[in-house]
Amino acid sequence: MLAYIARRAVLAVLTMAAISVFAFIIIQLPPGDFVDAYIANLSASGSSVSMEEAKSLRALYGLDQPVYVQYMKWMSRVLVGDFGESMEWHRPVAEVIGDRLWLTIVLSLSALMLTWGIALPIGIYSAVRQYSALDYVFTSISFIGLAVPNFLLALVIMYFSFVLFGANVGGLFSSEFDLAPWSLAKVWDLIKHLPLPAVILALAGTAQLIRIMRANLLDELRKPYVVTARAKGMPEARVIWKYPVRAALNPFASTIAYLFPYLVSGSIIISLVLSLPTVGPLLLKALIAQDMFLAGTIVLLLGVMTVIGTFISDLVLMWVDPRIRFQMD
Amino acid sequence: MKKSVLLGVCASLLVGLSAFAPAQAQQPSANLMASGLVGKLEGPELILDPAKWPKSFGEAPDLAELVKAGKLPPVKDRVPAEPLVMKPLSEVGKYGGTWRRGFLGPGDWENGNRLNASDKLLFWDPTGTKIVPSVAKSWEQSADGKVIRVNLRKGMKWSDGAPFTADDFVFWFEDLYSNKDIVAAPIPDMSPGGKPGKVVKVDETTVEFQFENPHFLFVDFLAGDTLIGGGQSVRQSQGTTFGAYSPKHYLKQFLPKYSSEAQVNERAKAEGFENWVKMLHFKKDWSFNTELPTLGPWKTTRPINTPTWVLERNPYYWAVDSAGNQLPYIDKVVLTLAEDSEVINLRAIGGNYDMQERHISLSKLPVILENQQKGGYKVHLDLALHGSDTTLFINQSFKADAEVAKWLTNADFRRALSMGIDRNQLNDTFWLGIGTPGSVAPSVQMPQSPGKEYRDKYSKLDIAKANQLLDGIGLTKKDSEGYRVRTDNGERLRIQVQAVKALLPWPQQAEMIGEQWRKIGIQADVREMERTLATTRTRNNEHQIMVWTNGGTELLYLFPRHAIPVDPTEAYMGPEFATWYASNGAQGRAPTDPQMLKIYDLFKSASGQREAGDRDKTAQEIWKILVDQQYAIGTVGESPAQFGVRIVSTKLGNIPSRACIAQHCRTPSSSHAETWYFK
Amino acid sequence: MPQTPMVDHPDHEAGGSTSAATPLLSVRGLKTYFKLDEGTVKAVDGVSFDLFAGRTLGIVGESGCGKSISARSILRIVDRPGKIEGGEILLQQEGDNENAIDLLQLPHEGPELRAIRGKEIALVFQEPMASFSHYYTIGNQIMEAILLHSATSDDAARARAIELLGMVGVPNPERRVDEYPFQLSGGLRQRVMMAMALACDPRILIADEPTTALDVTTQAQVLNLLQRIQKERGLSVILITHDMGVVAEMADDVVVMYLGRAVEKGPVDEIFHDPKHPYTQALLRSIPSIMAKPRTKLATIEGSIPHPFARPSGCPFHPRCPDAIKGLCDVKEPPTHALRPDRAVSCFLYGDAS
Amino acid sequence: MTLLEVKGLKKYFPIRKGLLRKVVGHVKAVDDVSFTVKRGETLALVGESGCGKTTVSRCIMRALDPSAGEVNFTLDGQTTDLATLGGKGLKPFRRHLQMVFQDPFSSLNPRMMVGDLIGEPLLINGMSDPAERRKRVRELLDVVQLPVEYMNRFPHAFSGGQRQRIGIARALALNPSLIVADEPVSALDVSVQAQIINLLLDLQDQLGLTYLFVAHDLSVVKHVSDRVAVMYVGQLVEIASTEDLFHRPKHPYTEALLSAVPKPDPRAKTERIILQREVADAANPPPGCAFHPRCAHATDLCRQQRPALVDLGNGHQVRCHHAHVLDLKGVGATV
C-alpha cells in the first residue's frame, strides 16, 4: 500500500512538471504578447500606446527574450515559491491570486456544502420513493436546473433583484466593507452576501447530483445485499443508510479530483456575471491580457490542484472502499 | 472567445429585457437634438485675468480640520500665488461627497488617469478646439519655432507640499528620459527632424524646450494626449516614463545617480523588486504608489490593484473656483472593481454610480433611459468628433495575394466598396439611429474638417455607381451566384474582412456590410478574431481589410495613426508603409501610389508650418485625399458609442450638458470634474 | 401419460408424520403481483405449501416461475413495485402448536415483523458475492444480525460470530472475522452467509439457490454443510432451486412451480418417480444426465417459457403441454387436486374436473 | 484428420508490485496444455471456475496472445500455427474459427435487427449483395429452426433460447471449420437447454462441424462430447473419450468432480466425495502435483514431483503418479 502511495506521489510530481511546461506553452500559444494585448485594449478604448512605449514595456517585462529563457527564468523563481509578478496588476502573482483564492474557496465550499446538503437527501428520497409524486416534482425541478445555464439564472436573478428591490448587484462585500480591513463585521457582511452567489453556483451542481445520487442509489437498492440486510430484520431506514447509501456515495469520492480545481477557479462565468472577486475572472482577464505569469500560475495551480485532487480522491477511495485497499498490489 | 460569447448573451438578454421599456425610448433618432439628451459643449470658464482672481481662499472642511490640528499649512500657503481660477459651469459648489464609479481592474487604468488629466501642461477648452493653460500658466513659441517656453505657476506645490519647479522638468529630462535603462529611445515628440531636443531651466518657474529644427506642432503636442504632453498620471504609469516633468525630490532616491547602483538595487531587492528599474517603474506610477507626489486633483490612497481604487483630494491642488474655494469639491473618488463591463452597465442602471461614462454601452440606451427616474440619474449623450466609429481600413501594402492586392490598391474599387455600404441600415441597427453616417473625415465642428461634402463623398449608398465603377475596372465577369470573379483564375473574388469584438460589435457589422456588398457582386469573408490575434496579423501585413475605429483623428497631427499609416504600432492602412515612414526609409517598403506619397509629404510639411491656421489647411488637404482615395472607408461616426453615454446622478451639480469625448479631451477631464459637486 | 416408471413409494422414509403434524409454516393462496406500466405481472399467483418441522421443502422451477418471490414474500421483503395481494402466511408460534400468526397481518415494517426476520426465519441466497456489502467486514455484518435480535455486548457478539464461522467450517475464524467478503472464495462466502443466517438460531432457513453460483465440488461442500446443520439444529429448510439434482438430493418434500403457480406437490421420491403433472414429467425428461449415454439427444419441451406479460390464458403450461385438452386447458385454470394430504397436482388430467 | 492441435500452450499473466511495478511473479492461467481436436468431433474442456479453460479457448481464438506454445490449425491440408500470426495473418483464419458465447443477451447488439446481426459477418467477409445475403440469412435461420420472419425483429423480442439460436446462426454464417462454444447453455433454463443441446448435436451431424465445448456442467458435457479434457489450475489432468472418462476416471480430481454432481434421482444414494480445502492459487501453485493438498491418495511423491501427462492407452491421458494403481469410481459404478 505504501508503495502504491509512493508511486502515485512520484507520478503526481512528474505530472506537475509536465503541467508547468504545458501551462507556459498554452499561455504562449496565442499570437502576440502582453504588450500587444495592452495596446489593442487601449486603442479600442480611445487611448494609445506609441511604438516607443511598447518597446520599453517589452524590455521591462522581459518579453524581448526567447520563450525558453522566459520559461527558465519563471521556473527558477517558481521553484523557490516566487511566481513572478503580474504584468497587469504589478504585484507578485502570489499576492494577486492570494486575495481572491480565499474568497473563491469560501464561496466554492459554501456552494458545495449547499449542493451536497440539498442534493443528497433529495436524491435518496427520490430513489427510495421512486415514481412517487414528490420524486416527479424533484425530477422535474432537477431537469430544469440541469437545462438552464446557471449564468442565465444569475442574470435573471440579478435583473429582478435590481428591479424589485433595487439591490446592489454582484460582489461579495458591501461598498463600506470593500475598503475595510478584516473584522467580525466584515465577515458578517461576507456571510450576508454569500447566499445568492452560492445558491446560483450550487444550483446546476445540485440538479446534477440529485440525478446521479438517484441513479446510483436505484442501482444499489436492487442489489441482493439490501435484501440480505432486510432479511436480517434491520429497520428500513438503517438498511438504506448503512448499505446502499454508503455504496452510492462511493462514486463521489472520485469527484474530488474535479472538486479541487473547482475550489480554486470557482465558476468563471458566474463570477463574471455576478462580479465576484474570485480566481476565475482573474484567469480569464489574465489570458485575454496575456498576463503571462499570472495566467501561467493560475493554469499551473489548476493543474496542480487537479493532480492533488486526483491523488486525494485515490486515497479517499482507498479509505472508503476496502476492495481498492486490498486489491491494489 | 468565451468572453465574447458571454457578453453576447448578456447583451442579448438585456436587449430582450429592454423590450419592456416604454415605446418612447425606441426611436431617439430624428429628434435626437430635441430629446434633451444631447446638449451643447460647455464647461467651466477659465479666468485668466489676474485682476479678476479671488483674493482669499476657502478649503474643504476636512482640510480645515487638519490645518487647525497643525498637520497641514493654511490654504493660502498651499494654493499657488498664481492659481488656475475657474468659474464653475453653473454655480459655486459645496465640498464633500464620494464619487462612485466602476472600473475593470488594473488594465482599466485610464479610467482613473482621465480624472486626473488636468496634470497636463496645457489643455483644451470644453469644445476641444482651443488650447488653454493647465499646469503651465502660459507659453510662448519663438518665431523660428525652435524654442518653446513654458511659464509655471509661482508657489505651486506637489501633492506632498514640496515645491513644483523647473528642476522637476530637468530631472525628468536628464535623469529619466535620457537614461537608457529607463527610456530606450528618444521620442519623435522631442526630436523634430530626427534631431533630439532638450529641456532647459531658465529660472524656478520657467522652462524651455529647445530644438535644432522648427517644432511648430510642439504646443499642440503639449496639449494633446501625446507622450510629451499627456501629463504625469498617464505617461508615467504602466512602465513608461514620458510626460515632461517628474517629482525630483521624491524619485531621486530610487536612481543610482543619487546614491549608487548597488544601493538602489539592494533597496529594490528588499522591497521585492527584481532590480532598481522595476522599482522605479512602480514608484513613479501614481495608481500603484500612494506615496508618489502628483499634481492631479485627486491622488491614489488605495492602489488600483485592489478591489477598490480610491482617490482622495490633493490638499495642494492648484486650482480654485471663482470664489477662491480650493478645488476639487468632491472629497473622494471610489472606483469599484467589476469583473465584467456588463456588471458596470447593470450597476449604473441601478443607480450605484454617481457619474459613469466609461464602459457604458450604447446598445443598452433604452434600458438606461427607462430606469432614469428609479436610478436617480440623468443621461447625456456626448457625440464624438471623429468621423467613423466603424472604419474599414484597406491594407495598401497587402501582397500575399497579388490579385486581391491589385484591387485593394485600386481607388475605384475602394470607392465602389464604400458606395456599396448602406450606412443608414448600419446606423439604425447598431447605433440606434443616433450616429451620423459618413466618411472618415472628422466632424465639421473641427477646424481640420474638409467640409460637409467630404463627409458624404463616396459615402452614400449608390449601387448603380458602384457597379459601374467595378465594371469599369474590369471586374465584369460574375459567377452563377452573381459574385464578381477574379481575373487571374476565374474563381470568385473573396475579400477578407477581419473584425474584433471591441468597441462595437464589429464582426456583426462587418457581416451586415458583407451582405450589402452582395448587391455589388463582392464577396466578403468576415473573420471574427480575438483582439491580439487581429493586431498581430495586421502588424505582419497579413490582413486585407481590418475593421477598427478611426477615433482620435479629429486632431490629425496629435494622433495620426488611425488616419495615415505612420505608426507601425497600429497601421491598418499599410503596415509596411508605416514601417518605412517611421524608420525614415531604413525598413519597410515605400508606397508607389502618388496620392499616398502626397499625404506623407503634406503631413511632414505641417510641422514646418508656423500658423495653426495653415496647418489646419494642410490637414484639410490630407482629409480630402483620404476621402477621395477611400484608403479607409468610413461608415457611421459622430456618435456616443465610445464612452459617450454618460450617466450622471441628479445629485451632482455643474455638470455640462455635453462634454467633448475626443481622445485629446481626455473624457471626462476637459469638463473639469474638480468643479463638480454634490448638491 | 408419464413414461417414468411408476414406483410405489407411498412415504418418504424421513417424512412419516407429515399428514398428522401441524405445519411449522403454512403458505396459503399467496399472491404477489408486480404492477408495472406494461401490465401486471402475477409473479406468485395463489401458491400454497407447507413446511414441516425438521424437514426440507424444495421449491423447484425454471426462471420466472415465482419461486424466489415466494420466498421473499414469506419475509415480506418483496421489492417495489411488487406487492402481496392476498393469501396467508401462517407461522406457528414457538412452543404453541395451536396458534399460528399470519405474517401478512403484521403491520408493515413494524417491530413484530422485524423480530421474525432473521430471528425466526433466516434467508440465505444466491450470489454470495452480491449478498454482502463490500464496505463492511463479514464480522460486522454477522454481528449486526446478532445485535439486532439480542441485547448482548459487542464483544459477546463478536465471539459468537467467530464461533458461528468456525461452525460453518471457515478456517481461521478469528482472522477471517475481520476480512471483507471479497477476500473470500465463493464457497467460503456461502459458508459465511450461512453463518450469518444462523446467527440468531432461526427455526426456518430459506435457502434461495444457495449453490447456483458455485462450482460442483464447492456445491457439494455447501450442500453437505447444509445437511449437517439441519441435522444438528433441527432446522426446517425451504430450498429454492432450479437444479433437479439438488432437489433430489436434499429435499423431503417438493413443490414444482411454473409461471407463478404450484403445479405439483409431494414427497420427493414421488415427484421424481411418479410425476403427475405434464410439466414435471417433461422437465424430468429434459434434464441432461451424467448417467446418459454420450451424444444422446434429450427430450425437449416445445417452445419457451412465456414472457411474464404474455401469460397464457387457462393453464399457464397449456401451450407447451403435449396432453393439453383444447377448449379446456386454454380456457379454465385447473384447480389444485389433492391426491393425498401430502400430494397435489394442478391439472385437468386428474380428479373429476374434466 | 486433426483440425486443431494445441501444443504446449501457456498463458502467463504478470503480477506487478511495488513502486516500479516490477513483475514479481506470474499467474499461470494456462500452463503447458496440449490436446488435439479431430475434424467432426466434439472435445469438451471442463473444469471449475478459474481452471483456465476459458483462457485456453481465448488463446485459440487469439483474443489473447499465448505466452508460449503452438495452436496448429489445419485447413485444406495446410497446417498453420495461429499463435505466431499477427492481426493481418490471422484474418483469413478468423472466418473458420467462430465462437458461441455463454450469454446470448449481451453478445447481440440490441440496436441491430436479427437479419443484420446474422448477415454482419457475411458483409464483413465480402458478401456485399443484399439479396444474396438475405438468402443466406434465411438459410441460416432455417438451420437453427427459427421462423424466417424473425429477420426483421430486434433481439430483445426473443427469449434466451431464441437468442442463443441467433448467436449460433451468426457463428455458422461463414461455414466455419471450428466452433468454440463457451458455456453455450449454462445461462438457459432447463427446458430450453435441452433444445439447444439437441440443436448443437443436429448441426454437427448435418454440417460436419467440429466443436470445442467449454463447460462446467458435466451432465451437459456427457450429452454432447466425444472426448473430454479436464483442467485443474491451468493444467490438463485427464483426457479421454467421454465414455472412459465418466465411467473409468483415472484422476482423483475427475473422480471427485463426477461424484459431486447431484443426481436427479432421490434413490441414487451416491457417496459424495467432499474435497477439502480450496482450489490452489494459480499464482502460487503448490509444489509437485497441484491437486495433492486436496487428494486423499497423495503421497510424498505427489508433494514433491509434478506428474506428467501419461497415456494409458486408448488415448486416455492422465496426469497422476498413481493412475495405474488407483481404483476410482466413475458414474456408472453406482447405477
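In this predicted model, chain B and chain A bury about 5,700 Å² between them, with 60% of that area on carbon and sulfur atoms. The contact brings 73 residues of chain B up against 58 residues of chain A.

Chain D and chain C also share an interface, formed by 47 residues from chain D and 48 residues from chain C. Three residues stand out here: H223(D), R267(D) and R272(D) supply 17% of the area that chain D buries against chain C, more than any other three residues. One of them, R267(D), also joins its side chain to that of D269(C) in a salt bridge.

Here are the two interfaces in brief:

| Chains | Buried area | Share on carbon and sulfur | Salt bridges |
|---|---|---|---|
| B and A | about 5,700 Å² | 60% | four salt bridges |
| D and C | about 4,200 Å² | 55% | five salt bridges |

R539(B) pairs with D36(A) at 2.6 Å, N to O, and R267(D) pairs with D269(C) at 2.8 Å, N to O.

Now for the helices. How do α12(A) and α15(A) pack? Helix α12 (residues 236-265) of chain A and helix α15 (residues 292-320) of chain A have axes 7 Å apart, at an angle of about 160°. Angles over 145 degrees count as roughly antiparallel, so α12(A) and α15(A) are roughly antiparallel to each other. The crossing of α12(A) past α15(A) is right-handed. By class, their contact has 14 nonpolar, seven polar and one charged residues. Among the residues that meet are F260(A) and V264(A) from α12(A), and M305(A) and I312(A) from α15(A).

Notes
Residues are numbered from 1 along each chain as its sequence is written. Chains are lettered from A and ligands numbered from 1 in the order in which they are written. This is a predicted model: local features need pLDDT of at least 70, side-chain atom pairs count only at pLDDT 80 or more; totals for chains, interfaces and linings use all residues. Side-chain values use heavy atoms; hydrogens and water are left out. Axes are lines fitted to C-alpha atoms, for helices over the stretch in contact, and angles run from 0 to 180 degrees between N-to-C directions. Helices (H or I, at least four residues) and strands (E, at least two) are DSSP runs, numbered from the N terminus. Angles under 35 degrees count as roughly parallel, over 145 as roughly antiparallel, 65 to 115 as roughly perpendicular and the rest as oblique. A crossing is left-handed if the near helix is turned anticlockwise from the far one by less than a right angle, and right-handed if clockwise. Contact means heavy atoms within 4.5 Å. Ala, Val, Leu, Ile, Met, Phe, Trp, Tyr, Cys and Pro count as nonpolar, Asp, Glu, Lys and Arg as charged, and the others, Gly among them, as polar. Buried area is the accessible area (1.4 Å probe) that two parts lose on being put together, summed over both.
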